[in-house]
Amino acid sequence: MTSVLSDKLSSGPKGLGDPEDRTLRRVEKEILIPKIMRDKARTEKCTDFVKAFNDCCKENPILLVLKCRTENSRMKACLTDWYNNQHFQRQCEDIYLKPRSEYRRTGIKAQTKRMG
């Protein structure tokens, strides 16, 4: 029986793709890895700026657009610096690729964290 998927996507021990393949699909490059970058930058790299902005917004719910410009600018600058950091991008790619490789090797999806 022939596969609809290319050999690249249907190879490997479980027919899920080569576990050692590090090439990224468009959706992985443009959506999935940037999401990891955003989450890590907000929760690990720019925590002080994010907290300052959130605190300002809580203190000024009606005029937050006017009152929190400085905090917003600082937070955006920090996040942008991390988004443009090549080393950080590679780290986030590795965070994405490790469970993908394991899934391709074993056929078992990694446990997803449940919110709540």
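Guide: The structure holds eight salt bridges, each a side-chain nitrogen of Lys or Arg within 4 Å of a carboxyl oxygen of Asp or Glu. The model is predicted, so local features need pLDDT of at least 70 and side-chain atom pairs pLDDT 80 or more, whereas totals for chains, interfaces and linings use all residues. Residues are numbered from 1 along each chain as its sequence is written, and side-chain values use heavy atoms, with hydrogens and water left out.

Three of the charged residues, Arg25, Glu28 and Arg100, are linked in a network of salt bridges. Between Arg100 and Glu28, the closest N and O atoms are 3.0 Å apart. Arg100 belongs to helix H6 and Glu28 to helix H2, so this pair ties together parts that are 72 residues apart in sequence. Both Arg100 and Glu28 are buried (buried is under 20% relative accessible area, exposed over 50%, partly exposed in between; 1.4 Å probe, protein chains only). Glu28 also forms a salt bridge with Arg25, where the closest N and O atoms are 3.4 Å apart.

Asp21 sits in the loop between helix H1 (7–10) and H2, and Arg104 in helix H6, so the pair ties together parts that are 83 residues apart in sequence. Asp21 and Arg104 are both buried.

These helices belong to a chain with six helices and zero strands (DSSP runs numbered from the N terminus: H or I of at least four residues for helices, E of at least two for strands). From the N terminus on, its elements run α-α-α-α-α-α. Of the 116 residues in the protein chain, 24% are buried. Among contacts (heavy atoms within 4.5 Å) between residues at least 6 apart in sequence, 64% join residues at least 24 apart.

The largest nonpolar core has 18 residues, and Ile33, Cys92 and Tyr96 have the most contacts inside it. Helix H2 (26–45), H3, helix H5 (69–83) and helix H6 (86–106) each supply at least two residues of this core. Such a core is a set of buried Ala, Val, Leu, Ile, Met, Phe, Trp, Tyr and Cys residues joined through side-chain atoms within 4.5 Å. Leaving aside residues up to four places away in sequence, Cys92 touches Ile33, Ile36, Met37 and Lys40.

Finally, the structure holds one aromatic pair. The ring centres of Trp82 and Phe88 are 5.2 Å apart and the planes stand at 65 degrees, so the pair is edge-to-face. Rings of Phe, Tyr and Trp (its six-membered ring) pair if their centres lie within 6.5 Å; planes under 30 degrees apart count as stacked, over 60 as edge-to-face and the rest as tilted. Phe88 counts as buried because its relative accessibility is 0%, whereas Trp82, at 25%, counts as partly exposed.
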